[in-house]
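Hello,

Here is the structure I promised to pass on. My notes on what turned up in it follow below.

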Amino acid sequence: MPYKINVNGVSRTVDVDSDTPLLWVLRDVLGMTGTKFGCGAALCGACTVHQDGSAIRSCITPIDSVGDTKITTIEAIGKTPAGAKIQKAWLDLEVVQCGYCQSGQIMSATALLASNPSPKDSDIDEAMSGNICRCGTYVRIREAIKHAAATPATNGQKG
């Protein structure tokens, strides 16, 4: 069945079964491989994307539930003010180790910073608790979020 979805500001039509997870639509149908498959049960956060700005797990989100909402993936998160700050902080503090979970980590961190520009450690811990990093980069992730929060917006960016 055809579904019209908005991904990264572009309207796309995909012909898939109604219960096809958004993750597989993004990766297999649209060829957007930045979003990763981890556990397939919404436990690890590797598949995190934004739905109208909120972090969701695309591995358990059926395409028929997306409707007219706006989906943002790691491929476009740098175009948002909070996403640009998070990605710069990730580079400045060299957060990435193996990198597999990092797209999901960045998506969750961006959702946090967009909704809470000055998160406390407890806010960061709570927001990031659903994202697992097998390399254990949690300390660097927390510092990068703090670094991004302390970075002023540039060139008209807000938040």
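Of the 159 residues in the protein chain, 42% count as buried (under 20% relative accessible area; exposed is over 50% and partly exposed in between, with a 1.4 Å probe and protein chains only). Please keep in mind that this is a predicted model, where local features need pLDDT of at least 70, side-chain atom pairs count only at pLDDT 80 or more, and totals for chains, interfaces and linings use all residues. Residues are numbered from 1 along each chain as its sequence is written, and side-chain values use heavy atoms, with hydrogens and water left out.

The protein chain has five helices and five strands (DSSP runs numbered from the N terminus: H or I of at least four residues for helices, E of at least two for strands).

Helix α3 (residues 102-115) is mostly covered, with twelve of its 14 residues buried. Among them are Ile106, Met107, Leu112 and Leu113. The cover over these buried residues includes β3, β4, β5, α2, α4 and α5.

There is also one aromatic pair in the whole structure (ring centres of Phe, Tyr or Trp, the last by its six-membered ring, within 6.5 Å; planes under 30 degrees apart are stacked, over 60 edge-to-face, the rest tilted). The rings of Trp24 and Phe37 have centres 5.2 Å apart and planes at 35°, so the pair is tilted. Trp24 sits in helix α1 and Phe37 in the loop between α1 and β3, so the pair ties together parts 13 residues apart in sequence. Trp24 is partly exposed at 30% relative accessibility, and Phe37 is partly exposed at 34%.

Best wishes

Conventions:
The expected span of a helix is 1.5 Å times one less than its number of residues. Contact means heavy atoms within 4.5 Å.
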